Amino acid sequence: QQAARRSRTAETNLKLRAQLWPEVKDSELWRQEDRTRKGFVWMPRAMPYFMDIINDLSKKVTGGKAVPAGKSYLVLWCRVRDGGFLKIDSDAVAALEAGYGAGRNVTTWREHLRVLKEIGFIDYKPGAAGPCQCVLLWNPYRIVKALNAKGWIQESAYTAFFQRVLEVGATDLDEP
């Protein structure tokens, strides 16, 4: 039933797109259905909420200092394959992807990873390439649920997040 609904939604969207942009060819777009294309990433549909929550909570674990680690979290998701595990072979490259291009870029990157670990979104272990080379991404829906239970998330932010969870049909919050 869900597959049929997704199929109908996809078909409706394609028809609407063809009406609004009749000159656009599929080859000009990145479509999930096209398995021949490379360079896509699979990530939670609530990612913008996770990034905002991370940025807000960073102040809690840094003594009030704003550490916008949400973009670093996005970088990790853009690198992960399956299993929630990834390796960072170059902190400098990852830092550049997160927007830290000069000066203390690696220090900033590592500080953001430390914040992500303290908040609970990730864990990391050292490897040959550095102190944060091996990274584990925890299920972010479950992390937000736990942080909300601790009273760490503003009610309005959690309500907006919860509405998005319902919209996308995520069931991770239902799990114990």
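This is a predicted model: local features need pLDDT of at least 70, side-chain atom pairs count only at pLDDT 80 or more; totals for chains, interfaces and linings use all residues.
**View 1. Salt bridge between R114 and E111 in helix α5.** The side chains of R114 and E111 meet with a distance of 2.7 Å from N to O. Both residues belong to helix α5, which covers residues 105-119. They are three residues apart, about one turn of the helix. R114 is partly exposed, at a relative accessible area of 26%, and E111 is also partly exposed, at 23%.

**View 2. Salt bridge between R114 and E118 in helix α5.** The closest N and O atoms of R114 and E118 lie 2.1 Å apart. The two residues are separated by four positions in helix α5, about one turn of the helix. E118 has a relative accessibility of 42% and counts as partly exposed.

**View 3. Salt bridge between R164 and E167 in helix α7.** In this pair the closest N and O atoms are 3.1 Å apart. R164 and E167 both lie in helix α7, residues 155-168, three residues apart, about one turn of the helix. R164 is partly exposed, with 22% relative accessibility. E167 counts as exposed because its relative accessibility is 59%, and the cut-off for exposed is over 50%.

**View 4. Network of E111, R114 and E118.** Salt bridges with shared partners join these three residues into one network. R114 pairs with E111 at 2.7 Å and with E118 at 2.1 Å. The structure as a whole holds seven salt bridges, among them those of R114 with E111 and of R164 with E167.

Conventions:
Residues are numbered from 1 along each chain as its sequence is written. Side-chain values use heavy atoms; hydrogens and water are left out. A salt bridge is a side-chain nitrogen of Lys or Arg within 4 Å of a carboxyl oxygen of Asp or Glu. Buried means under 20% relative accessible area, exposed over 50%, partly exposed in between (1.4 Å probe, protein chains only).
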